[in-house]
Amino acid sequence: MNEIQVERLESFGETDLLDLCEATDAAILDGGGFGFVSPPERNWLERYWRGVLLVPERRLFVARRAATICGSVQMVAPPRNNEAQKSIVAVQHLFVAPWARGLGVGRLLMEAVETEAQRERFRVVNLDVRETQTKAIAMYEALGYQRWGVHPKYAHVRGEWVPGIYFYKDMPPPGKRRSG
């Protein structure tokens, strides 16, 4: 069965941390992002994922195929002291393990973020991505995200500067249908 299920993860189940680390490593090795060029040490990665669940402004969404985590994304709300941006959330660290690509996992993760953003009454979703991640860019554009800028020195990968592309999407009020 190829069915993908997405959920907001608030605590780790028996194999969740292992699955998440394995999927993260595989995505990094395949050039699939998460900001790393090569995987960090496992103990660092485990501490990172545990820490994500402790930060009140972060919401971690995971995708599962056959109960195994195959991708994740984080929705990051502004801290309480940032009243000027209280209606804006950021999407960070979307990745899909190579073995689950092509199944719509990224789209399902983004739809979960949008649903949560709308439920929590956020009005705008922001995100950014390396220019080299063309499949992710195509997905964001297909979901209705608007390109608003390019940073020519967004990332430094293997001795070369890689531009980054910035996107946003307006969220309709709860009860209204999203476009994209």
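**Close-up 1. Crossing of helices α1 and α2 in the predicted model.** The axes of helix α1 (residues 16–29) and helix α2 (residues 42–52) come within 10 Å and cross at roughly 115°, where axes are lines fitted to C-alpha atoms, for helices over the stretch in contact, and angles run from 0 to 180 degrees between N-to-C directions. Helices (H or I, at least four residues) and strands (E, at least two) are DSSP runs, numbered from the N terminus. The crossing of α1 past α2 is right-handed, meaning that the near helix is turned clockwise from the far one by less than a right angle. On α1 the contact (heavy atoms within 4.5 Å) is made by L17, L18, L20, C21, E22, T24 and D25, and on α2 by R42, L45, E46, W49 and R50.

This is a predicted model, in which local features need pLDDT of at least 70 and side-chain atom pairs count only at pLDDT 80 or more, while totals for chains, interfaces and linings use all residues. Residues are numbered from 1 along each chain as its sequence is written, and side-chain values use heavy atoms, with hydrogens and water left out.

**Close-up 2. The buried face of α2.** L45, Y48, W49 and V52 are the buried residues of α2, buried being under 20% relative accessible area (1.4 Å probe, protein chains only). Seen down the axis of α2, these buried residues fall within an arc of 90°, so they line one face of the helix; the arc is that of the directions from the helix axis to the C-beta atoms. The cover over the buried residues of α2 includes α1, β2 (58–65), β3 (68–76) and β4 (88–96).

Close-up 3. Seven strands form an open sheet of mixed pairing in the order β1-β2-β3-β4-β5-β7-β6, two strands being paired if DSSP finds at least two bridges between them. At the edges stand β1 (4–9) and β6 (146–157), each with a single partner strand, so one side of each is left without a neighbour in the sheet. From one strand to the next, the twist averages 25°.

**Close-up 4. Strand pairings within the sheet.** Eight bridges pair β6 with strand β7 (residues 160–170) in the antiparallel sense, and A155 has V162 of β7 as its bridge partner. The pairing of β3 and β4 is likewise antiparallel, over five bridges, with V96 of β4 the bridge partner of G71. β4 and strand β5 (residues 124–130) run parallel and are joined by three bridges; here V124 of β5 is the bridge partner of I88.

Terms used. Buried < 20%, exposed > 50% of the residue type's maximum accessible area, 1.4 Å probe, protein only.
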